[in-house]
Amino acid sequence: MQTLTVSLADRSYPIHIGSGLLGQAEHILPHLKRKQVAIVSNTTVAPLYMQTIAQPLRDAGVAVIEIVLPDGEAHKNHQTLQIIYDHLLQNRCERNTTLIALGGGVIGDLTGYAAATYLRGVPFIQVPTTLLSQVDSSVGGKTGINHPLGKNMIGAFYQPKLVLADIDTLTTLPQRELSAGVAEVVKYGLIRDADFFDWLETNMSALMHLDAAVTSYAIYRSCENKAEVVAADEHEQGERALLNLGHTFGHAIENAMGYGVWLHGEAVATGTVMAADLSQRMGWLNAAEVARIKAILQAAKLPIDAPDLGADEYLRLMQLDKKVADGRIRLILQQSIGKAVITADYDAEKLRQTLSLAA
Ligand code: NAD
Ligand code: MG
């Protein structure tokens, strides 16, 4: 097992990464203020892993409430949140009851927001079971739900007490979901960690086959990068925005194709290629670097060709992004592999060329 710490003064917390962690109650027990937990999961993950984590806790004398929600992004909403509150109140859960999120990013975001708001805040633990949630959503304290008028529009910054990333859970993950997580792993290399990018080029095949040492290291290094960014900029005033590389283009694709048709990580991968293309047009990346970016994403079985929506439609969709300031779209672009910047200082005509998929 490897451990790293997210440094946020009195809200600092450990991330444990390794194999077999789900069945080891000793990682969780020291963080419980009271021997009562509510484990929140969904109908896909609970049959696979609920008892693996619940039984050792019960054996250690912990009262365990199981809350099993419907699966899917469509359920990351107010109604599902209400189901969590109902269970907590019916079971008389108190300030010292710990919520445990067992699942992917949807369960993590929902459970974290429930923990932030139930009784004005109860402790919570993240047990992410997708690669995306292990390298991204479980770290950093963003929690929340969707609103019919927008994704992730309701939420809170709320840090967990512990993140437990058990790599064994990834063996049951569908390959497309694994690839979607790898898109975010590659992102860390691209925005701030050239050595990691090099390492990923060498180890991508082993990662896709879930080699234990390679997978653990990829998660560790990703979390380390995210933890550093979050420690420096918890509330996204500056550097944290770099984590959105490929996302402004990607959100436009997700939106245009209908949510759920492209997985988020697939749209991000394609958006990353679009950002690289514009960076090349700006003279910041050379052709060889763009080729490396495409090759690593293809090795992760991710799409790299953007759908042809037309530049006007892309621009309209990108205007909806949260990073728009004073009507000008700010983009995360590459200055080299391992160095990204957030900028509104690009050539608008070159952006149109990228969006037109011009050669
Ligand atoms: P997800 O939670 O929907 O999980 C993907 C699918 O895999 C689901 O069907 C899930 O039930 C299933 N699954 C989960 N673990 C499994 C396992 N071990 N074996 C088999 N199936 C398993 O999607 P995700 O990609 O994990 O997370 C996406 C969500 O995360 C989005 O809602 C996004 O907004 C959010 N997110 C949040 C942050 C943040 O900082 N809070 C960051 C990135 C993404
Ligand atoms: Mg993302």
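How many residues of the shell around ligand 1 are nonpolar, polar and charged? The shell divides into 7 nonpolar, 13 polar and 7 charged residues; Ala, Val, Leu, Ile, Met, Phe, Trp, Tyr, Cys and Pro count as nonpolar, Asp, Glu, Lys and Arg as charged, and the others, Gly among them, as polar.

The model is predicted: local features need pLDDT of at least 70 and side-chain atom pairs count only at pLDDT 80 or more, whereas totals for chains, interfaces and linings use all residues. Residues are numbered from 1 along each chain as its sequence is written, while chains are lettered from A and ligands numbered from 1 in the order in which they are written.

**First stop: ligand 1**

Select ligand 1 and the 27 residues around it, of which Gly-104, Gly-105, Thr-130, Ser-137 and Thr-172 come nearest; a residue is near a molecule if its C-beta atom, placed from the backbone, lies within 6 Å of it. Two or more residues of this shell come from each of α3 (105-117), α4 (131-137) and α5. Helices (H or I, at least four residues) and strands (E, at least two) are DSSP runs, numbered from the N terminus.

**Second stop: α5 and α7**

Next select α5 (residues 175-192) with α7 (residues 212-232), whose axes come within 9 Å and cross at roughly 50°. Axes are lines fitted to C-alpha atoms, for helices over the stretch in contact, and angles run from 0 to 180 degrees between N-to-C directions. Val-185, Tyr-188 and Arg-192 in α5 meet Ala-218, Ser-222 and Asn-225 in α7, contact being defined by C-beta atoms, placed from the backbone, that lie within 7 Å. This contact has 3 nonpolar, 2 polar and 1 charged residues.

Now select Leu-8, in the loop between β1 (2-6) and β2 (13-18). Leaving aside residues up to four places away in sequence, Leu-8 touches Gln-159, Ala-231 and Glu-234.

**Last stop: α8**

Finally, select α8 (residues 247-257), where 8 of the 11 residues are buried. Among them are Phe-249, His-251 and Ile-253. The buried residues of α8 pack against α9 (264-281), α11 (311-318) and β10 (331-336). Gly-258 follows α8 and has a positive phi, near 95°.

Technical notes: Contact = placed C-beta atoms within 7 Å. Buried ≥ 20, exposed ≤ 12 C-beta atoms within 10 Å, placed from the backbone.
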